[in-house]
Amino acid sequence: MTEQSQLTPMERKARALVRLEEGRSALRQALEGIDAEDAFLGSRWSVWEVLQHLDAENFVDALEKISIGEMEMLPPFTSREGRLRQDIEHLEGTYDRLKSVIEGLSEEQLARPVTPPNPRNSFPGLTMLELVERSAGHAGTHARQVELTRKYVAEFNAREKAVTVLTLGNGDMDAVPLRVKELIAFADYTAGDAAALDLVRPWVRGLEAVIRPDNLEEVVSRLGREARAGLWTVICVTGGSPQDEHPDLMALASQHCDKVVVV
């Protein structure tokens, strides 16, 4: 019998409240004195993103309704397919509302100032018309982002958690294929020996990992873990066939990575 099973429901509730207050106190301490600029920085999660994750307003609303009998239980968990469909439908509804608002604006309303200037970011004050003009292309801009993300999800074999080995040829920068340059530009991690990294550095936007004889297994193992976590990882090698010219690397990649793709 576990310790928890020996407690009464009210004792377990009291313990949960203690843990809640301990967590709240720890969070307050962690946030104390944080700079507003730093709060939005982070390689995985920024502090601001953590705060958004911890915002449990919907959860609290549901518990309140259950406690007073307005709801029997939490809504069922939806599949990713169902959630994606709901989010797309919600987005469509929001854009319909936005379109309706814009269509109903009079000339007087269009001339009304709606945002104050922000000298810190060199952002001017805007009228309703200027704000509408700026926001009208927002979806189109991010549509391109979605297209590129879908393209590179496939290119990186992201569903299979693959690590991609990129062959650079004889070390001539002009001979690096366009597809290889694009994959490097979108990779979260780019690994390679010093010569390979020097060659591809103009296109690297993510983190670099230098491979040396003494850390080869460590780096390859790390890339395998990062790929399993959903990040896009590449290993750049000079020369021709990686299997022939870099057998130790390829053997370790097969050992530590779920899938290895050679481009």
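Lys161 is where I start. Its relative accessible area is 30%, so Lys161 is partly exposed. This is a predicted model, so keep that in mind throughout. Lys161 sits in the loop between H7 and S3. Its phi is positive, about 55°, and yet Lys161 is not a glycine. Why point that out? Because most residues other than glycine have a negative phi.

Asn157 is also in the loop between H7 and S3. Asn157 has a positive phi too, near 50°, and is a residue other than glycine. Is Asn157 buried or exposed? At 17% relative accessibility, Asn157 counts as buried. The cut-off for buried is under 20%.

Phe156 is buried, at 1% relative accessibility. What does its ring do? The rings of Phe156 and Trp232 have centres 4.9 Å apart and planes at 15°, so this pair is stacked.

Which residues make up the cluster linked by ring pairs? They are Tyr152, Phe156, Phe186 and Trp232. Arg205 lies over the face of the Phe186 ring, 5.8 Å from the ring centre.

Phe186 leads us to helix H8, which covers residues 178–186. Which residues of H8 are buried? Val180, Leu183, Ile184 and Ala185. And what covers them? The cover includes H7, S3 and S6. It also includes strand S4 (189–192) and helix H9 (194–200).

Back to aromatic pairs. The count for the model is 4. One of them is Phe40 with Trp48, stacked, at 5.7 Å centre to centre and 25° between the planes. Phe40 counts as exposed, at 53% relative accessibility. Trp48 is partly exposed, at 39%.

Next, the surface. There is a nonpolar patch of about 420 Å². Its residues are Leu27, Trp45, Val50, Leu51 and Leu54. Which helix gives the largest share of the nonpolar patch? Helix H2, residues 47–54, with 3 residues. Trp45 lies in the loop between helix H1 (9–31) and H2. At 49% relative accessibility, Trp45 counts as partly exposed. The exposed class needs over 50%, so Trp45 stays out of it.

Now charges. Side chains of opposite charge can pair when their charged atoms come close. How many salt bridges does the model have? The count is 9. I will take three of them.

First up, Asp87 and Arg83. Their closest N and O atoms are 3.2 Å apart. Both residues are in helix H4 (residues 80–103), 4 residues apart, so about one helical turn separates them. Asp87 is partly exposed, at 38% relative accessibility. Arg83 is partly exposed too, at 48%.

Next, Arg201 and Asp198. Their side chains meet in a salt bridge, 2.7 Å from N to O. Arg201 has a relative accessible area of 37%, so Arg201 is partly exposed. The pair belongs to something wider. Asp198, Arg201 and Glu208 are linked in a network of salt bridges.

The closest N and O atoms are 3.1 Å apart. Arg228 counts as partly exposed, at 36% relative accessibility.

To wrap up, two links to look for on screen.

Methods. Residues are numbered from 1 along each chain as its sequence is written. This is a predicted model: local features need pLDDT of at least 70, side-chain atom pairs count only at pLDDT 80 or more; totals for chains, interfaces and linings use all residues. Side-chain values use heavy atoms; hydrogens and water are left out. Rings of Phe, Tyr and Trp (its six-membered ring) pair if their centres lie within 6.5 Å; planes under 30 degrees apart count as stacked, over 60 as edge-to-face and the rest as tilted. Buried means under 20% relative accessible area, exposed over 50%, partly exposed in between (1.4 Å probe, protein chains only). A charge sits over a ring if NZ of Lys or CZ of Arg is within 6 Å of the ring centre and within 35 degrees of the ring normal. Helices (H or I, at least four residues) and strands (E, at least two) are DSSP runs, numbered from the N terminus. Contact means heavy atoms within 4.5 Å. Patches are made of residues with over 30% relative accessible area and no salt bridge: like charges are joined within 9 Å, nonpolar side chains (Val, Leu, Ile, Met, Phe, Trp, Tyr) within 5 Å. Accessible areas come from the Shrake-Rupley method with a 1.4 Å probe; for residues, only the protein chains shown count as cover. A salt bridge is a side-chain nitrogen of Lys or Arg within 4 Å of a carboxyl oxygen of Asp or Glu.
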